Each structure stands twice: as C-alpha cells, then as structure tokens.
Amino acid sequence: MAELSRSAREVAAALAERGIDTTVQELPDSTRSARDAAAALGCELAQITKSLVFREVASDRPVLVLASGPDRVDESKLADLLGGAVEQAQAAWVKQRTGFAVGGVPPLGHTEPLTTFIDERLLRHDTVWAAAGTPRAVFPAAPRALAEAAKAEIVSLVR
C-alpha cells in the first residue's frame, strides 16, 4: 500500500489520539462528493458522512455539521441551535479555518476548535465513512464513536 499523504497522516494521528481504532485509506477514485465516495467504496450513500462547514455570521466562527450523504442540512435549524444567522462557508475560508480543502474536511483534527454537530440519522448505521484530509482519503468508524471523538452534539438538522 502506498504511503498516505501528509494530510491523511495528520487525520490518522488525530483519530488515534481520540481513541478511534481505524485505518485511513487513500483511494484511486475521488471521494470528494458523497456520491463519489459511495461509488468508490461500494457502500450505501447514507453511510457517507458529509462534513459541511458553516460560518456563524455574527462571530465569524466555523461550525461543522456531520450529516448522512443523501441528506440536506436545514440551515434554519442550525441557526436556531446557534442562536444566530449561519451561512455555508466559502472554500477558501474553509481551508483557512480548518486546514483542509472542501471535499476532504475530516470530522476532527482541524487547525482550530470547531463547534461540531452530528445529525442523528448517521447513528442508524453500524459503520459510516468520513473524509480523512484529502478528496481521496477516507476512514470507517462507528458513528457514536465518531461523534464522541469529534466532540459533536447529536441533533436533528436535516430537512
């Protein structure tokens, strides 16, 4: 197996540090979108964990939402939870604030602490797959363990 990229190695180290026993792998095919990831892994779209970064408008803080592949996050529910307006973060801002490019943002291991939520629908699965730092790197995990490791609050955020 080829050596992991620097970003994928950093995510693997963060996962190990938080007690997630898993293997980060870089695939030959892109996993940038949930559909791409499901196709590359041969799993259900619902098992793909989307890492969506939002920006709290008033505070300019990043907020991470972990949601199931086919689901759409209801931004009004997120705004209600946070007590103020949110917007989908722009790609350059995501890279600056998390240390990772869109399509490879992992659930943990960011350059700064993120308020993190995980949608309860991900907990329906025994195993989910999440990004591991690049648009080709992924790892499997039990969703409850992932929520705990990412210090994510379990909520209902999808439409």
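Reader: Which residues point one way from β2 and which the other way, and are they buried or exposed?

Author: This is a predicted model, by the way. Ile48, Lys50, Leu52, Phe54 and Glu56 point one way from β2, while Thr49, Ser51, Val53 and Arg55 go the other way, and all are buried.

Reader: What makes β2 largely enclosed?

Author: Nine of the nine residues in the strand, 48–56, are buried, so the rest of the structure largely encloses β2.

Reader: Why is Thr49 called buried?

Author: Buried means under 20% relative accessible area. Thr49, which sits in strand β2, has 4%, so it counts as buried. Leaving aside neighbours within four places in sequence, its contacts include Leu66, Leu122, Trp129 and Leu146.

Reader: How do you know that β2 pairs with β6?

Author: Pairing takes at least two bridges between the strands. β2 and β6 (residues 128–131) have two, in the parallel sense, so they pair. One to look for is Ile48, whose bridge partner in β6 is Trp129.

Reader: And what joins β2 to β3?

Author: Seven bridges, with the strands running antiparallel. Thr49 stands opposite Ser68 in β3, and Arg55 has Pro62 as its bridge partner there. The two strands form a hairpin with five residues between them, and Asp60 in the turn has a positive phi of about 60°.

Reader: In which sense do β2 and β4 pair, and over how many bridges?

Author: Antiparallel, over three bridges, with β4 covering residues 86–88. Arg55 turns up here too, standing opposite Glu87.

Reader: What makes β3 mostly covered?

Author: Seven of its seven residues are buried. Pro62, Leu64, Leu66 and Ser68 point one way, with Val63, Val65 and Ala67 pointing the other way. β3 also runs parallel to β5 (residues 115–119), joined by four bridges, and Val65 has Phe117 as its bridge partner in β5.

Reader: Where is Asp74, and why is it said to have no salt bridge?

Author: Asp74 lies in the loop between β3 and α3 (75–82). A salt bridge needs a side-chain nitrogen of Lys or Arg within 4 Å of a carboxyl oxygen. For Asp74 the nearest side chain of opposite charge, Lys77, is 4.9 Å away, so there is no salt bridge, although Asp74 is buried. Not counting residues up to four places away in sequence, Asp74 touches Leu157, Val158 and Arg159.

Terms used
Residues numbered from 1 in each chain as written. Predicted model: local features only at pLDDT ≥ 70, side-chain atom pairs only at ≥ 80, totals over all residues. Heavy atoms only, no water. Buried < 20%, exposed > 50% of the residue type's maximum accessible area, 1.4 Å probe, protein only. Lys, Arg positive; Asp, Glu negative; His and termini not counted. Contact = heavy atoms within 4.5 Å.
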